[in-house]
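The following paragraphs guide the reader through the structure displayed here, taking its chains in turn.

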Amino acid sequence: MKKGIALLLICLLMLTACSSNSNSNSGSKNTGNAAADTGTAGNPATTEPAQAKEITIWAWDPAFNIAALEVAKAEYAKTNPDVKINIVEYAQNDIIQKLNTGLNSGTTKGLPNIVLIEDYRSQSFLQSYKDSFYDLSSSIKGSDFADYKAGPTSLDGKQYGIPFDSGVTGLYVRTDYLEQAGYKLADLQDIDWNKYIEIGKAVKEKTGKALITLDPNDLGLIRMMIQSAGEWYLKEDGKTPNIAGNAPLKEAFEIYKGLTDSNVANVHADWSQFVAALNSGDVASVPTGNWITPSITAEASQSGKWAIAPLPKLTANESVHASNLGGSSWYVMNVDGKETAADFMAKTFGSNVEMYQKLLTDIGVIGTFKAAAGGEAYGQANEFFGGQKVVSDFAAWTEQIPSVNYGINTYAIEDILIVEMQNYLNGKDIDSVLSDAQAQAESQIK
Amino acid sequence: MAKSKRFFMYLFLSIAAIVSIFPFLWMVVSSTNKSVDVTRGRLLPGTHLLDNFQKLLDTTDLQLSLINSAKISITTTLLALLIASLAGYGFEVFRSRSKDIVFNILLLSMMIPFAALMIPLYRMFGKISNVFPWMGIDTMTSVILPTVTTAFLIFFFRQSTKMFPKELLEAGRMDGLSELGIFLRIYLPTMKTTYAAGAIITFMSSWNNYLWPLIVLQTPQTKTMPLLISTLGSGYAPDYGMIMIAIVIGTIPTALVFFVMQKQFVAGMIGSVK
């Protein structure tokens, strides 16, 4: 009987060993392990050439962020051929989940060297796990990038993130529908949102097309509007909810209601419906981030029918014709290999003007690196948009985006506002809508 | 009267069948369409099946992920069946005063959601990595070990063992078989249907396991099928046709396992020994 049990145990061991065998190789390939070995072996702080020869980067979207990384990787290999760069692709939500678990558990094992984080979320990571991120103040200068990126990427005067893509917004419009309604592109250069609704009514009347399509579960439009007036859901400290008494927010709510009440807005439920609405010609305009360009130009039959106007502005505060929606930045984690990772970032996204031209022409990335805007590729005319120099327009607007502190609770507050927005659309009074939301936010965020 | 009753029964069942089959139909049909057609809600089969498949092969390492998933699921299933059946058998057959206490504690562990275990578990494997890198973070062992047996499966085997005729045990002992011999030669062959049902349940949950592999696996070389599918939807402009064919391929193994063992599964759920 004892023999039998022994046999069973051996079988068990073999099974586990077999299953892990093939992976222990790839496991040790992971920089975390390799770097940890060298790190603990040598004397810790002073060994400067103990740089890891291998770094790992997490990002999402193969057509955009990953593609940009591949370009940077090739650029870096020209001068540093001995550094191996592993690019690992995950969905954005997966990255958040993995980062949260990894950072929360306090083990640096398995964390990447560089990670891409959306600007709206970056402060929550930086403030909660400040020591887990590497201060890049000595490698790059925050002032080399668009001013509005300083808010999300820095903390306590230290630069933690390398600003990446611009989420600069514009008003994409169908010029053919506009003309049928009696307007020209020139009429849209300096309008406010009320005028925008007015144009929408004319378009609806003449063409039967909706002016805009809205997702009730995504208040991106509100975010764009309030940032154009230099305000946010939170006060400048990034912690105190700023809802009741926020004049631009109030106006943004009123415009949102105006859009639905005047019957010029369609509704979509997810991204695919959103893109389908643009491609099928059901809507006459879309105010959104520049990253929508590839989705619009995908419908080649509409070439020449689109143009991009500056974003309409609010009447409250000193609202400008420029805002931001989305966009993300790179962060170097404070794990072994951080010097190599910082060097990689500084030599590519932190300084390489030529590379940004390539990113733009090959992938369509509009960066936030100021010096890159003077490059040749940025001045190209785009035939799809009727020969408009869209990128140089976007680059000019990027510089005007007001900087706000996205704080650590953007999405938590948005969840509250989504519900309150429905109450508002159903007839609740605007001031009580905002003060109720303020009370909820205050009790929820401590 | 009886006729109209039957009519409504069939009507209700038909509606229920359509509701449960439609997502599958949608998945299969969409895998043959272009991304644009999928978003437009096209319900007719298209001609882009091969294009989508080719794109999937070009953009991902499908084969590797399938092999990874298969390795993990098969190993987990085999080990889980072995451990859970031994435990279930032991709990029911042997006498011990404390066994019910132990069993109740085991059942209580079913109530703790995985989300609460995740961070301590990750920390634990982080520590293990320092000593045994071959079973730490980013290895298949780290995916298999936490799911290698579940309280549910032990419970399932114990319940089934209740119907196992004890006379067979006595006969085995009388004839001089060792306890392990009884388990292997008498219990195991008699309980085939229970094993089949257990295998299906374990294989499915292991194949579809998402959260823990997502967190503990780090390199593209270890990606499993659910992780691969999740990554496909990560773009700002996802290719729905390609995603759908990946999901179809990811569904085939579980469907296959189920259809092969369907008969035994039903028998096992009802009760194995006749």
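Helices and strands are taken here as DSSP runs, a helix having at least four residues and a strand at least two. The structure is a predicted model.

In chain B, an unreviewed UniProt entry annotates residues 66-261 as the domain "ABC transmembrane type-1". Over residues 66-261 the chain is 74% helix and 0% strand, with end C-alpha atoms 21 Å apart. The unreviewed entry in UniProt also places the feature "transmembrane region" at several spans of chain B, among them residues 72-94 and 195-215. Residues 72-94 of chain B are 96% helix and 0% strand, and their end C-alpha atoms lie 32 Å apart.

Chain A may be approached through the predictor's confidence. Its mean pLDDT is 83, and 88% of the residues of chain A reach 70 or more. Over residues 11-50 of chain A, however, pLDDT stays under 50; the model has 41 contacts beyond four places in sequence for that stretch.

A:Asp119 is found in helix H5, which covers residues 119-128 of chain A. A:Asp119 counts as buried because its relative accessible area is 0%, and the cut-off for that term is under 20%. The side chain of A:Asp119 makes a polar contact, at 3.0 Å, with the side chain of A:Ser329. Beyond its neighbours within four places in sequence, A:Asp119 is in contact with residues including A:Lys149, A:Pro152, A:Gly326 and A:Tyr406.

Technical notes: Residues are numbered from 1 along each chain as its sequence is written. Chains are lettered from A and ligands numbered from 1 in the order in which they are written. This is a predicted model: local features need pLDDT of at least 70, side-chain atom pairs count only at pLDDT 80 or more; totals for chains, interfaces and linings use all residues. Side-chain values use heavy atoms; hydrogens and water are left out. UniProt positions are given in the numbering used here, feature names are shortened, and annotations may be inferred rather than shown by experiment. pLDDT is the predictor's confidence in each residue, from 0 to 100. Contact means heavy atoms within 4.5 Å. Buried means under 20% relative accessible area, exposed over 50%, partly exposed in between (1.4 Å probe, protein chains only). A polar contact is a pair of N or O atoms within 3.5 Å; within protein, one must be able to donate a hydrogen and the other to accept it, and residues adjacent in sequence count only if both atoms are side-chain atoms.
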